[in-house]
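This report covers ring contacts, sheet pairing and nonpolar cores. The chain is shown first.

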Amino acid sequence: MRAAVLHETGQDKLEVLDDIEAVGFGPGKVRLRLRATGLCHSDLSAMAGVLPQPAPFVPGHEGAGEIVDVGDGVTGLSAGDRVLVCWLPACGSCPACGRGQTELCMSGFMNAGVPNFRRPGGSPEEVFGMSGTGTFAEEIVLPAECAVPIPDDVPYDIAALIGCGVTTGLGAVFNTARVEAGSSVAVIGCGGVGISVIQGARASGAAQIVAVDPVESRREAALSFGATEAVAPDGLDTARNSVTAGEGFDYVFEVVGRSATARRAYEITRRGGTLCVVGAGALDDFLQFNMFELFFDEKRILPSLYGGGDVLRSYRRTIDLWRAGRIDLEGLITHRVRLGEINEAIGQMRTGEALRTCVEM
């Protein structure tokens, strides 16, 4: 089968190969035929080494498709079922799951260290899948918990988005920050996840939503998805003064994953307000505060991993909001490519041209 492989961390391009095999099928596993996958900025971060991931590996973690086969002991799933890929499944038995913090379950992260693919005769033969998945492939073998059934009216491309970016952005608003109606919100970084944050803030009843991004096309998109104002980074102080009379925003979402933008986000958050860190950053990128400002300003700093809540509940909520017309998921897909054109899609994401690219299998 075909899959896109990164041979070494730090390489700019993937190689699309046709001699890759999905491995590991057996008890508790499912074999999935991918139909659509989204290109997420986290894929680029893993390729660059910002997010730790063994190589060689198949990127992609935002996918949907149909089950081809199920292993012994798998219940509730059958061949032919339509599913989305959950890259961070909950085991249901660890301390984090017992506390209801299923997004902190480590079982999914452990999958990242187990090869999902092999290349017969290759060197090395073992090939990993990003975050234990690897959806830039025609087929994949996953733990059954990673395959979540979707209703018949949800297209594969929409389901793929729900599998990561949309759930992350909406969840940061609904689960982590819990944005209140009538509040002021700033969103720094307006790619696919940032736009989902904007849609969540609008659905929550935020009165002002300021989108911040250096790319003009993304600022224009942010306005169409519910932002009340969109500015380049150098216009942020002016926006803060005009929207909040200089006090600062009630909620600020950092959706870039860099200490510089997180520090900037902290500075424009009002005293007693909430900074929600959504972007996935590097291990060696440190964010600094002084002890007096932490004490005196009483700003809440809330990281949000995968939307900060029960992902299965978040999936259902997203589908309900989409069905009701409260959020626009089709509009997030600005580009469509085939697997053989994956490097073109990567270039579009790096330049900021694309919000979300759907890779159709």
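## Charges over rings and ring pairs

Arg271 lies over the face of Phe296, at 4.1 Å from the ring centre. The charged end of Arg82 likewise sits over the ring of Tyr156, 4.6 Å from its centre. A charge counts as over a ring if NZ of Lys or CZ of Arg is within 6 Å of the ring centre and within 35 degrees of the ring normal. Phe296 also belongs to a cluster with Phe292 and Phe295, linked by ring pairs. The count of aromatic pairs comes to four, where rings of Phe, Tyr and Trp (its six-membered ring) pair if their centres lie within 6.5 Å.

This is a predicted model: local features need pLDDT of at least 70, side-chain atom pairs count only at pLDDT 80 or more, and totals for chains, interfaces and linings use all residues. Residues are numbered from 1 along each chain as its sequence is written, and side-chain values use heavy atoms, with hydrogens and water left out.

## Strand pairing

An open sheet of four strands has the order S3-S8-S9-S5, with mixed pairing. Its edge strands, S3 (21–22) and S5 (57–58), each pair on one side only. S5 and S9 (residues 126–129) pair in the parallel sense over two bridges, and Val58 stands opposite Gly129 in S9. Strands (E, at least two residues) and helices (H or I, at least four) are DSSP runs numbered from the N terminus; two strands pair if DSSP finds at least two bridges between them.

S4 (residues 29–39) and S10 run antiparallel and are joined by five bridges. Arg33 has Glu139 of S10 as its bridge partner. In S10 (residues 139–143), four of the five residues are buried, that is, under 20% relative accessible area with a 1.4 Å probe, protein chains only.

## Nonpolar cores

The largest nonpolar core has 56 residues, of which Val185, Ile198 and Phe253 touch the most other members. Such a core is a set of buried Ala, Val, Leu, Ile, Met, Phe, Trp, Tyr and Cys residues joined through side-chain atoms within 4.5 Å. Elements that each supply at least two residues include helix H5 (165–177), strand S12 (184–188), helix H6 (192–203) and strand S15 (249–254). The core draws at least three residues from each of domain 1 (1–163 + 307–358) and domain 2 (168–301), with bounds from an automatic or database domain assignment.

Beyond its neighbours within four places in sequence, Val185 is in contact (heavy atoms within 4.5 Å) with residues including Val179, Ala201, Ile209, Tyr251 and Phe253. A second, separate core of 42 residues includes Ile20, Phe117, Ala147 and Ala345.

Notes
Buried means under 20% relative accessible area, exposed over 50%, partly exposed in between (1.4 Å probe, protein chains only). Rings of Phe, Tyr and Trp (its six-membered ring) pair if their centres lie within 6.5 Å; planes under 30 degrees apart count as stacked, over 60 as edge-to-face and the rest as tilted.
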